[in-house]
2 protein chains.
Amino acid sequence: MSVRGDPFGRHRVVEPKGKLPQPAWKLDNDTTKLYDNEMLIEVIKLNVDAASFTQIKNEVGLDEKKIAERIMQIVRERGKLHNPVTGSGGMLIGIVKMIGKDLNVDVKVGDKIATLVSLSLTPLNLKKIKKVYLDRDQVDVEGEAILFETGVFARLPEDMPESVALAILDVAGAPIQTARLVSPSDLVLVIGAGGKSGVLCCYVAKKYAGPTGKVVALVHSERSVSELEKLGFVDDVFVSDAQEAVGSYEKFLQITRGRLADVVINVVNVPDTEMTSILCARERGKVYFFSMATSFTKAALGAEGIGKDVDMIIGNGYAKNHAEFALKIVRENPKLYELFLERYGEK
Amino acid sequence: MSVRGDPFGRHRVVEPKGKLPQPAWKLDNDTTKLYDNEMLIEVIKLNVDAASFTQIKNEVGLDEKKIAERIMQIVRERGKLHNPVTGSGGMLIGIVKMIGKDLNVDVKVGDKIATLVSLSLTPLNLKKIKKVYLDRDQVDVEGEAILFETGVFARLPEDMPESVALAILDVAGAPIQTARLVSPSDLVLVIGAGGKSGVLCCYVAKKYAGPTGKVVALVHSERSVSELEKLGFVDDVFVSDAQEAVGSYEKFLQITRGRLADVVINVVNVPDTEMTSILCARERGKVYFFSMATSFTKAALGAEGIGKDVDMIIGNGYAKNHAEFALKIVRENPKLYELFLERYGEK
């Protein structure tokens, strides 16, 4: 009997039938049956998407138990950790427990991997949440997950703590896209530069903009200012509320003496920052929205509303070799690695 | 006394204070006072955004009176025609009634213009709705509107009916962006090709893909098939439900004998078509989302979920010279003009 599932995972969609797993409301998370082209993972840790984790914290408060309950509830309802408000997920690390016989993959049972597809489409069966890390969007869990045939994953590197690798891999799409977008001499503005994708993007932006280019960082708190100054690869950093479009724009212009950005990279984890990004970009400049809190209509109509001819790009969480690239840049810069170790290393 | 308003229109924002007019919930639509850098327009006709008009029709039914009531209600509540469900607006035509003394514009009182900024940020004071055109997303109205200093508008051309010009100008962003994205020999898929931006994009795509390129049209109904075949500038057209991602993808592959699209242009006016667009694009291909029904997270996570390395672009309603370009392409192709006249000309 053939028990081969759909390569995209449609065989696990409960509701609405026929949809792909990501847009679907509910997935079948029964991990006792494994299709021949699926992989079963024993889950160790979830890295919740920043926008989702922030939303949950805002909803239930800074309480580990309540956050755990809310996460359990979402997974019970949907068969996946797909935040119904933000629409986003996150990723996981775990150990390969079983490999369907029709699956041709370069891992074996017992290997430790990170999934690089969103939790918003990954069937997840949570037994319990053992610990919530309020300050780094991660939770330790007991449970199982399913990876589909088209699912992307990476073996965890052995030269760094797994919580650090997970934090880097979670935002692996952003730095490689930054490398594609930034050219020598560009003026680059990174909005939300204090966050983990922010610092990675700043580093890559400076690397590709070069000595004649300029990278400016917009951050939310004074603490991020000193962190970024210590890292040493941004040319300027300023504190502003990215939701205050005109105020942020005026501060940016003061720093650059009236020059607008060639490339704006938005990696903020709160909504309503589209206009700041658009205002700060030059005519025919590029705005890269990596934040899951971005609203499509606010961006599209916002640019139109002020007659701004900019190219706006939707942050794709996947790009060829993105995981290797993200790990590589952290390895090549000791200060960057130090920061990730400090923020995400197991204490 | 200076009564100069903010160039972006923040002085008209009632709630929440300090926001820009587009993201704001409510605007001050008092047209009896005019700031020195504003223009007062006597509104003749609204062209409601297709996604918004479809949503309203689905909500209240195909009833002219109920649609009119719903539009009046939105404008009463928000001071602008900003559909709270779709987040989109539309545009208007009207006659310049008064020009603030600080405004330096190339029109005079009495000129007929179309605003090229979204109704979602345009203060609108509707007295009444005189007629609803169910089949072309337009309504005839009595009322007044305000254009801000940064607002974009175009004088209405004299060589075509105003309802036709309005229909073209409403989607002026799409064809010029298509011209920027398509290169010779490209395989282009236009999803929602039967709609007005669809036919414009098909024409432009074929023009720039050239004789060695190929333009394939996905449409919703058989009627659109015969229309597009009569127009003669698409290489292939097929009927499919764009919300059925895998089914549409399989049909597309059959037509192209397994080749994926270099450029996918999505101009569908219903939600949940992101995955169809992503599946049909080749690795490193481009997906251009012009539809206001696009979800940012569904696109971003959808591509990641199947490990597809595509560039996804948010349709900007504005581009330099977009209005002139859109009118020009309709003028240069008699069959296209004929179609617009038939669909949008006053009977």
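Ala, Val, Leu, Ile, Met, Phe, Trp, Tyr, Cys and Pro count as nonpolar, Asp, Glu, Lys and Arg as charged, and the others, Gly among them, as polar. With those classes in hand, let's look at this predicted model, in which 56 residues of chain A touch 56 residues of chain B.

**Empty spaces inside**

- Rolling a probe the size of a water molecule over the atoms shows where empty space is left.
- Searching the whole structure turns up 4 cavities of 30 Å³ or more.

**The largest cavity**

- The largest cavity holds about 120 Å³ of space.
- Its lining is made of 16 residues, and those nearest the centre are Gln243(A), Ala245(A), Asp272(A), Met275(A) and Pro23(B).
- Sorted by class, the lining of the largest cavity has 6 nonpolar, 5 polar and 5 charged residues.
- Two helices of chain A, α7 (245-256) and α8 (274-280), each give at least two residues to this lining.
- The largest share comes from α8(A), with 3 residues.

**The second largest cavity**

- In the second largest cavity there is about 90 Å³ of space.
- This cavity is lined by 14 residues, and Gly305(A), Ile306(A), Phe8(B), Pro21(B) and Leu121(B) are the closest to its centre.
- Which classes make up the lining of the second largest cavity? You will find 9 nonpolar and 5 polar residues there, but no charged ones.

**How the two copies are related**

- Two copies of a chain are related by a rotation about an axis and a shift along it.
- Here, a rotation of 180 degrees with 0.0 Å of shift along its axis places chain A on chain B, with an RMSD of 0.0 Å.
- The two copies are therefore related as by a two-fold rotation axis.
- Which residue of chain A comes closest to the rotation axis? That is Ile313(A), whose C-alpha lies at 2.3 Å.

**Where the chains meet**

- The copies meet through the same surface, because 100% of the interface residues of chain A are also interface residues in chain B.
- About 4,500 Å² is buried between chain A and chain B, and carbon and sulfur atoms give 64% of that area.
- On the chain A side, Phe296(A), Glu304(A) and Ile314(A) lose the most area to chain B, together 17% of what that side buries.
- There are 2 salt bridges across the interface of chain A and chain B.
- A salt bridge also joins the side chains of Arg180(A) and Asp309(B), at 2.7 Å from N to O.

Conventions:
Residues numbered from 1 in each chain as written. Chains lettered and ligands numbered in written order. Predicted model: local features only at pLDDT ≥ 70, side-chain atom pairs only at ≥ 80, totals over all residues. Heavy atoms only, no water. 1 Å grid on protein atoms, 1.4 Å probe; cavity = no way out; pocket = protein on both sides within 12 Å on 5 of 7 lines; lining within 4 Å. Points joined across faces, edges and corners; volume = space filled by probe spheres on them. Helix = DSSP H or I, 4+ residues; strand = E, 2+ residues; numbered from the N terminus. Least-squares fit on C-alpha atoms with pLDDT ≥ 70 in both. Contact = heavy atoms within 4.5 Å. Buried area = accessible area lost by both parts, 1.4 Å probe. Salt bridge = Lys/Arg side-chain N within 4 Å of Asp/Glu carboxyl O.
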